[in-house]
Amino acid sequence: MIRECRNRALPVFLICRSAGRKYAAGAAHGTRGGEGYFPERLKVKRKERDMAERNKDGNAEKTVEKEEHQDKRIEETGQVTLDENSSLENIHLISIIGEIEGHENLSNNSKTTKYEHILPSLAAIEDSRDIQGVLVLLNTMGGDVEAGLAIAEMIASLSKPTVSLVLGGSHSIGVPIAVSTDYSYIVPTGTMVIHPVRMSGMVIGVAQTFDYFKQIQDRITGFVCSHCSIDKNTLEELMTETGVLTKDVGTILVGEEAVKRGIIDEVGGIDKAISKLHAMIQEKEEGGEG
């Protein structure tokens, strides 16, 4: 009877025996029916998939948290660390905007730069092993002389490469900050107003007051001349110019003119500023290795 079944369907018990041998052989090699099946392996694959999904969700949450932290930091201090570049270099960005506050708080309607934010940040940058360079963006009307010079001196004393970029304007005490970096840029439409020292509030009309003014003036001109290529006589001539500003004494320099006068190194935008900073960082690292 079995012979009669050869030309037809196999008996059920023969099919089961054959399938059992095939499954046992497949189990020994981790396969089932030649299609790669094994219960324990399936569990592992599911576990790996779940872990990958959790890691993906965790990375997304970290990205959102990082962006929120950056947004909050920019809003509060105007600072952010640029670390998404292909060179894997960390650049700290500092913005000098509005009016530079002194020892008194300005009104809430004024955009200001607070030295109590900038100075600790600069100290932390100098002490950091992760930050390789500093980019300073300027769009300021000037402000307090003491605070402005303090910021400029801190930037100038950093051991890490620094680059400044004048956007819109860097007037008055913003000039020393613009030239305090290792290299400086100004956009073609950027302006710099150079004028003598001013003082608000009560002024005692005695010779000592004017001597004090002269000391402050010498501090500013001395710093500017020591950090750019303009000479002191030319700078003082620009400060006391009477034919440019209708209601004031001083000079307005626009873009290329600031470069020709020797105050700013080059005309350029953010692309040149960042590229220059990366080049300076790499040059320093190569010099340190040598």
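Helices (H or I, at least four residues) and strands (E, at least two) are DSSP runs, numbered from the N terminus. With those terms in hand, welcome to the structure. This is a predicted model, in which local features need pLDDT of at least 70 and side-chain atom pairs count only at pLDDT 80 or more, while totals for chains, interfaces and linings use all residues. Residues are numbered from 1 along each chain as its sequence is written, and side-chain values use heavy atoms, with hydrogens and water left out.

Let us begin with the whole chain. The protein chain holds 9 helices and 9 strands. Of its 290 residues, 37% count as buried, where buried means under 20% relative accessible area, exposed means over 50%, and partly exposed lies in between (1.4 Å probe, protein chains only). Contacts, meaning heavy atoms within 4.5 Å, can also be sorted by distance along the sequence. Among contacts between residues at least 6 apart in sequence, 63% join residues at least 24 apart.

Next, look for the empty space. Rolling a probe the size of a water molecule over the atoms shows where such space is left. The search uses a 1 Å grid over the protein atoms alone, and a pocket is an open set of points with protein on both sides within 12 Å along at least five of seven lines, whereas a cavity is a set of points where a 1.4 Å probe fits but cannot get out; lining residues have an atom within 4 Å of a point. Grid points are joined across faces, edges and corners, and a volume is the space filled by probe spheres set on the points. The largest pocket has a volume of about 820 Å³. It is lined by 31 residues, and those closest to its centre are Gly-143, Asp-144, Val-145, Arg-198 and Met-199. Two or more lining residues come from each of β2 (90-100), β4 (131-143), α4, β7 (191-194), α6 (207-226) and α7 (232-239). Which element gives the most to this lining? That is α6, with 4 residues.

Leaving out residues up to four places away in sequence, Thr-221 touches Lys-232, Leu-235, Glu-236 and Met-239. The C-alpha atoms of Thr-221 and Val-175 are 9.9 Å apart, although 46 residues separate the two along the chain.

A salt bridge is a side-chain nitrogen of Lys or Arg within 4 Å of a carboxyl oxygen of Asp or Glu, and the structure holds 5 of them. One joins the side chains of Lys-214 and Asp-218 (2.9 Å, N to O). Both residues lie in helix α6, 4 residues apart, about one turn of the helix. Lys-214 is partly exposed at 45% relative accessibility, and Asp-218 is partly exposed too, with a relative accessible area of 28%. Asp-218 also meets Lys-232 in a salt bridge (3.9 Å, N to O). Lys-232 lies in helix α7 and Asp-218 in helix α6, so the pair ties together parts that are 14 residues apart in sequence. Another salt bridge links Lys-272 and Glu-266, with the closest N and O atoms 3.4 Å apart. Through shared partners, salt bridges join Lys-214, Asp-218 and Lys-232 into one network.

Now turn to a lysine in another setting. Lys-160 lies in the loop between α4 (145-156) and β5 (162-170). What is the nearest side chain of opposite charge to Lys-160? It is Glu-126, 5.9 Å away, and Lys-160 is buried yet has no salt bridge; here Lys and Arg count as positive and Asp and Glu as negative, while His and the chain ends are not counted. A polar atom of the Lys-160 side chain does lie 2.8 Å from the backbone oxygen of Ile-131. Beyond its neighbours within four places in sequence, Lys-160 is in contact with residues including Ser-128, Gln-132, Asp-182 and Lys-284.

Ser-172 is found in the loop between β5 and α5 (174-179), and has a positive phi of about 55° although it is not a glycine. Ser-275 lies in helix α9 (residues 270-289), where a polar atom of the Ser-275 side chain is 2.9 Å from the backbone oxygen of Asp-271.

Key:
A polar contact is a pair of N or O atoms within 3.5 Å; within protein, one must be able to donate a hydrogen and the other to accept it, and residues adjacent in sequence count only if both atoms are side-chain atoms.
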